[in-house]
Amino acid sequence: MIPVSENPSESETGIPAVDATGLPDHVTEAEIRESAAREHREKLRSFLTNWQGLTGLILVILFFASAIFAPWLAPYDPNALDVPSRLSGPNLEHLAGTDQLGRDTLSRILYGGRVALYIAAIGVSVSLVIGLILGMIAGFGPRWLDSLLLLLFDTVRSFPTIVLALATVALTGPSLSVVLAIVIITSIPQYARVARTATLTLRNTDFILAERSLGASMTRTLLHHVMPNVVGPLLILAAMDVPVVVTVEAGLSFLGLGVTPPTASWGTILNEGYLVIRDAPWMVIAGGIPLILTTLGFTFLGEALRDIFDPRMGKGR
Amino acid sequence: MKQTGTTRRGFLGTTAALGALALAPAWSTAAFAQAGSTLRLRIDGDNNVLDPGFMTGGTEIEAQKQCLPFLAQYARDGETFTWEPTYFVTRLEQRDATHIDFELTEGLTWSNGYGPVMASDVKYSYERMKDSDWSGYFDALERVDVTGDRTGTIVLSRPFAPFIMITLCHGPGAVLSEKAMADAGGKFTTSFPAVCGPYTYEATPGQRAVFSANPDWTGPQPAFDRVECNVITEVKAAELAFEAGELDCTEVGADTLARYTKDMPEGTGIAVAGELQYMWMGMNTEHPKLQDIRVRQAIQHAVDVDTILQGAYSGTTAKSHGIICPGLTGQRDSAGYSYDPARARELLAEAGVSGLEVTLRTLNNQERMLSAQIIQANLAAVGITVNVLPLDSGPFWEMGQESKGDTWKDLELWIMRFGTTPDPYEATQWFTSDQVGVWNWERWTDPEFDRLYEEGINETDMQKRHDIYVRMQEIMENTGAYVWINHEPEAFVHSTSVGVNAAPSGELNYRRFTQG
């Protein structure tokens, strides 16, 4: 016996229950449209008046633009050697100075952003998709599958990322694809766990039960009814995860386990800067600024989005 | 209800602001605190095997020099090194080409109640080395004759002039107590079974090794009562510790050496031990991609070594023309090839090679990585794609050895540096035919080279020795498998209140440091 709620509006989403015509008795279609549009406007306004969210958005756009347009923005070839002018300070020819081989630091930072973007975009989106699918299956599938997947997630999560990376690189040698694989493998479980919890809370709600009683397949239920309700928080989580991924890449490259030379990465710039910190301190600063800005940007953006789109969040967090 | 306390965002904001503040320059002036009569130094790792027969070398030799008797020690004479007898002997003389007489000083005693130091201890110590990992240093040793309690004769099987310099002055020349070794089971690792020297040894793994005054010591007192060697793996961290006044002396890298040379801080000095290191880029002559000698010669012509010396070493190192280091018999003054990218392209065209892609393996440290990237750019200019593969020291030192796996088959290019002792024979021993797959990773053999190696050891005429070693390096260069790079100095910065004593190969001898 499936318990059916008597409540006229759906408790989770607040969407009014509908009758056979597809609309509740007391509202017209135009009114619903108007209400939804008003809600969108309110959310947009609250986003635009949130200075942190706006700063975050600007920083994120800067990050994307500088990485995508690096070949046009960079004043020099990032790998062109110019040993006579090595370790020069910031000047008109080299706005952020040069490194030990006379390569232009600004160009290397711009190209380094491409590596960061590549890892963040592919790493986060792939792990998001896989994590979402696995999490929904775990939350919706049979109990034994749920336990099995949970065990798997927790096993992977128990590995410290950097140590796992160190061990893997020792076996395979450093490369960007290894970094990418490590990022994906270690981030899947956290998305999966969030997706699983959200799916579990939805699993016994009326609209899902109704869908199932109408004979919808599991794929259809998951894809059309569960996913739209789960994916929102996950996207915000992903936005906040980008800086983590960027710093993991930078960290591994700093340790010499990420990109291989001569490719520039923020991590290698930091490492090279660290080695000459007493001779040329601006290199560490120049390499650190984009990392700080990216972290701040995505964190601010993610938090602002969460505040606005998650009704359960109170003010002042 | 109003929430108070730290919010996540507030925390982030504060941290960012604090971080920005911390970036404001806060230069510390180098201050050297003289903590009583303690010498504070850096060692790059724990001493794992102190036994002279089975050690790795480096700082382990430094420890042996403080705690064990040696018959001879290095003496610096301007730019060149010679030897002199130590305090432990009253006589050390080369009677003829194959006999060295010695007499031990009276009153030397081993710690832990193992009695006086005897000539039989010398016999035991040197003869056991013939079956050790360092047996190469004792190839020429026939036996040690004991003629009295404290007198004896070292007998060589053939004339071998550098025996005192390279064997007796170096770590393998340490003398052990025969009785204590018998009690210890014939071998030891991290603590000496018995010491005889100004210091006793105690180590905390991962932290420091401490040398304290030996109460049984009757010989000349060292300048410092106590020596603390802190384990600091990274050269840069050690440099910072020195600048903060936490160390009295430490080794420095090339760019720091350049900075100090240009602008020496007050109260700081630089001591250069020697330039007994030779670095080159090696090529595997058996690898299918590099089998054609014209390809190897093209690479020799394509690498701009002068740019490497400037870019990676800040102009602090001497350009190399072979494996014999500056100041030694047999050093060459020029190489048989020069930087000539046009010639390199011609050679590649003659060999019919295009689109060559090779892997360059290197140790993952600053100077080598910079060198590798310059080589990468140089070779790209003649149409060779280079993938740089940085490695940690473990896999790096094993990659060409057949006994350590199969990597030697895939080895293409690599940047290598060997250290040596002040005699040319030592550097040539690694490239003979029987070293193929051991240390001759370039994997060529040449009967003339092997013959000259033997001749070089036995030859006592300086000019003839010079010619032999020059010819040996020509043979190496003509294989096309070597691009000579540089001779790195072992340089130390030190507080001017401390006088440094270092072996030409870079090991410090703490007991010969001076104060004031």
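The sulfur of B:C67 lies 10 Å from the closest cysteine sulfur, in B:C196, which is too far for a bond. A disulfide here is a pair of cysteine sulfur atoms within 2.5 Å. By this rule there are zero disulfides over all chains. B:C249 is in no disulfide either, since the nearest cysteine sulfur, that of B:C229, is 10 Å away. B:C67 is buried, with a relative accessible area of 0%. B:C249 is buried too, at 1% relative accessibility. Buried means under 20% relative accessible area, exposed over 50%, and partly exposed in between (1.4 Å probe, protein chains only).

The model is predicted: local features need pLDDT of at least 70, side-chain atom pairs count only at pLDDT 80 or more, and totals for chains, interfaces and linings use all residues. Residues are numbered from 1 along each chain as its sequence is written, chains are lettered from A and ligands numbered from 1 in the order in which they are written, and side-chain values use heavy atoms, with hydrogens and water left out.

Now the salt bridges. The rule asks for a side-chain nitrogen of Lys or Arg within 4 Å of a carboxyl oxygen of Asp or Glu. The structure holds 35 of them over all chains. In chain A, A:E272 pairs with A:R103 at 3.7 Å, N to O. A:E272 lies in helix α10 (residues 266-275) of chain A and A:R103 in the loop between α3 (70-73) and α4 (105-140) of chain A, so the pair ties together parts that are 169 residues apart in sequence. Helices (H or I, at least four residues) and strands (E, at least two) are DSSP runs, numbered from the N terminus. Both A:E272 and A:R103 are buried. A network of salt bridges links A:D99, A:R103, A:R108 and A:E272.

B:R150 meets B:E103 in a salt bridge at 3.8 Å, N to O. B:R150 sits in the loop between β6 (141-146) and β7 (151-156) of chain B, and B:E103 in strand β5 (residues 99-104) of chain B, 47 residues apart. B:R150 is partly exposed at 27% relative accessibility, and B:E103 is partly exposed at 24%. B:R91 forms a salt bridge with B:E93, with the closest N and O atoms 3.8 Å apart.

Next, a covered helix. Seven of the ten residues of α8 (residues 293-302) of chain B are buried. Among them are B:V295, B:I299 and B:H301. The buried residues of α8(B) pack against β13 (277-283), α10 (341-351), α11, β17 (413-419), α16 (462-478) and β18 (482-487) of chain B. B:D292 caps the N-terminal end of α8(B), with a side-chain oxygen 2.9 Å from the backbone nitrogen of B:R294.

Finally, the interface. In contact (heavy atoms within 4.5 Å) are 30 residues of chain B and 32 residues of chain A. On the side of chain B that touches chain A, α1 (8-23), α6 (235-243), α7 (254-262), α9 (305-311), α11 (366-381) and β16 (385-391) of chain B each supply at least two residues. The largest share, seven residues, comes from α11(B).

Note on methods. Polar contact = N/O pair within 3.5 Å; in protein donor to acceptor, adjacent residues only side chain to side chain.
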